[in-house]
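Okay, thanks for coming, everyone. Let me put the model up, and then we'll walk through a few spots together.

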Amino acid sequence: MVKDKKLYDLLGVDPSASEAEIKKGYRKQALKFHPDKPTGDTEKFKEISEAFDILSNADKREVYDNYGLDAARGNAPAEDASNPFGGAGGASGFSGFGGGRGGAGGFRSSGGFSQADAFNIFSQMGGFGMGDDGFTFSLSGGGGGFGGAGGSPFGGAGGFRSSGMPGGFGGAGGAGAQRQRPEPSTVSIPLPVALEDLYNGATKKMKITRKDQSGTREQKVLEVNIKPGWKSGTKVNFANEGDYQPECGARQTIQFVIEEKPNPVYKRDGNNIKMNVHLTFKESLCGFDKDVTTIDGRRISLNRSNPVQPNTTTTYPGLGMPISKTPGQRGDLEITYKVDYPTYLTPTQKQAIQDNF
């Protein structure tokens with residue numbers, strides 16, 4: 001049983017929430033209380049961000065669950081022997097930690113989580129693009145950014161390095177080692193793309209709002225060249241194009257993640273394309289002659305003179321998606337016949353079926 005539920009309540013999740021549920025809860029609350037929103041609340045926004053900062057880190061979440069918020073911040077009383085973060089020279093050997101943000105433990109002290117930290121987390125999670133399908137993105141609302149490409153907000157002095165060890169970790173005597181400059185963080189932004197564009201290839205112009213070295217907001221248009229055959233999950237990186245991060249001396253990396261938009265006619269299955277052709281009950285029994293249009297605009301003639309069973313599938317090799325790793329090759333087109341059975345038969349029709357079948 002957790003010691004304190006406050007942080008979970010701030011995100012609107014249960015203490016048993018999964019990582020995905022915690023992220024979802026953060027997105028919902030952060031977009032609601034962001035200071036730039038009509039429903040914004042600066043202090044609430046900071047509290048929500050600190051809650052996510054702690055609960056999204058497995059180690060700090062365990063400390064919070066067992067010992068409470070002060071322990072997760074590194075402020076547990078030194079005499080509390082049960083808390084491994086309690087004081088210098090604790091039983092778990094944390095005395096070698098150098099000065100973190102606001103405290104002598106490895107974690108921040110009370111009040112050490114700033115409004116800038118809150119904006120940095122919001123930026124790292126995609127900014128206002130977290131819940132939007134549009135193509136204009138604001139990368140941040142505050143100074144600085146995350147310290148490491150993995151999304152840790154402890155990249156500054158005394159923070160966590162990409163290796164996972166606290167930046168202030170000293171040698172055997174506890175002396176602070178020379179800190180390395182952290183790598184710029186990576187901001188991932190979903191990029192919805194129509195199936196036709198994934199088939200043919202396309203260029204998408206994405207307008208982003210970012211911060212320069214002085215903290216001034218500016219806009220820039222990035223061009224994403226979609227290659228034929230790309231799949232959902234494909235990542236396109238633009239190094240040094242995001243917010244300027246003073247602690248890194250460079251800009252963030254912008255990463256667009258391809259997401260396939262649903263198509264009302266065609267469905268992708270790996271490198272194959274599937275589509276349904278609907279037949280009347282009469283056509284399924286007596287045959288038919290009709291044309292269909294493929295995703296690249298060509299017309300295929302379909303005809304049958306014999307009965308067609310429901311859900312019969314016909315494969316057309318080489319008419320599917322381009323295979324990006326094998327130029328010149330394509331998957332297959334799979335056409336499945338769906339029979340629309342009548343919902344009502346007259347007595348005469350019923351008699352005709354009984355007489356002939």
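So, in which sense do E5 and strand E8 pair, and over how many bridges? E5 and strand E8 (residues 253-260) pair in the antiparallel sense, over four bridges. Pairing here takes at least two bridges between two strands, as found by DSSP. Helices (H or I, at least four residues) and strands (E, at least two) are DSSP runs too, numbered from the N terminus.

Quick housekeeping: this is a predicted model, so local features need pLDDT of at least 70, side-chain atom pairs count only at pLDDT 80 or more, and totals for chains, interfaces and linings use all residues. Residues are numbered from 1 along each chain as its sequence is written, and side-chain values use heavy atoms, with hydrogens and water left out.

Back to the strands. Three of them form an open sheet in the order E2-E8-E5, with mixed pairing. Strand E2 (186-193) and strand E5 (235-238) are the edge strands, each pairing on one side only. From one strand to the next, the twist averages 25°.

Next, the helices. Helix H3 (residues 42-55) packs against helix H4 (residues 58-67) at an angle of about 105°, and their axes are 6 Å apart. That makes H3 roughly perpendicular to H4. For the cut-offs, under 35 degrees is roughly parallel, over 145 roughly antiparallel, 65 to 115 roughly perpendicular, and the rest oblique. Axes are lines fitted to C-alpha atoms, for helices over the stretch in contact, and angles run from 0 to 180 degrees between N-to-C directions.

Who meets whom there? Asp53, Ile54 and Leu55 in H3 meet Lys60, Arg61 and Tyr64 in H4, where contact means heavy atoms within 4.5 Å.

Now arginine 73, which is found in helix H5 (residues 69-73). Is arginine 73 buried or exposed? Arginine 73 is buried, with a relative accessible area of 16%; buried means under 20%, exposed over 50%, and partly exposed in between (1.4 Å probe, protein chains only).

Last stop: aspartate 291, in strand E11 (residues 288-293). Aspartate 291 is partly exposed, at a relative accessible area of 43%. Leaving out residues up to four places away in sequence, aspartate 291 touches Arg299, Ile300, Ser301 and Leu302. The C-alpha atoms of aspartate 291 and leucine 302 are separated by 5.7 Å, with the two residues eleven apart along the chain.
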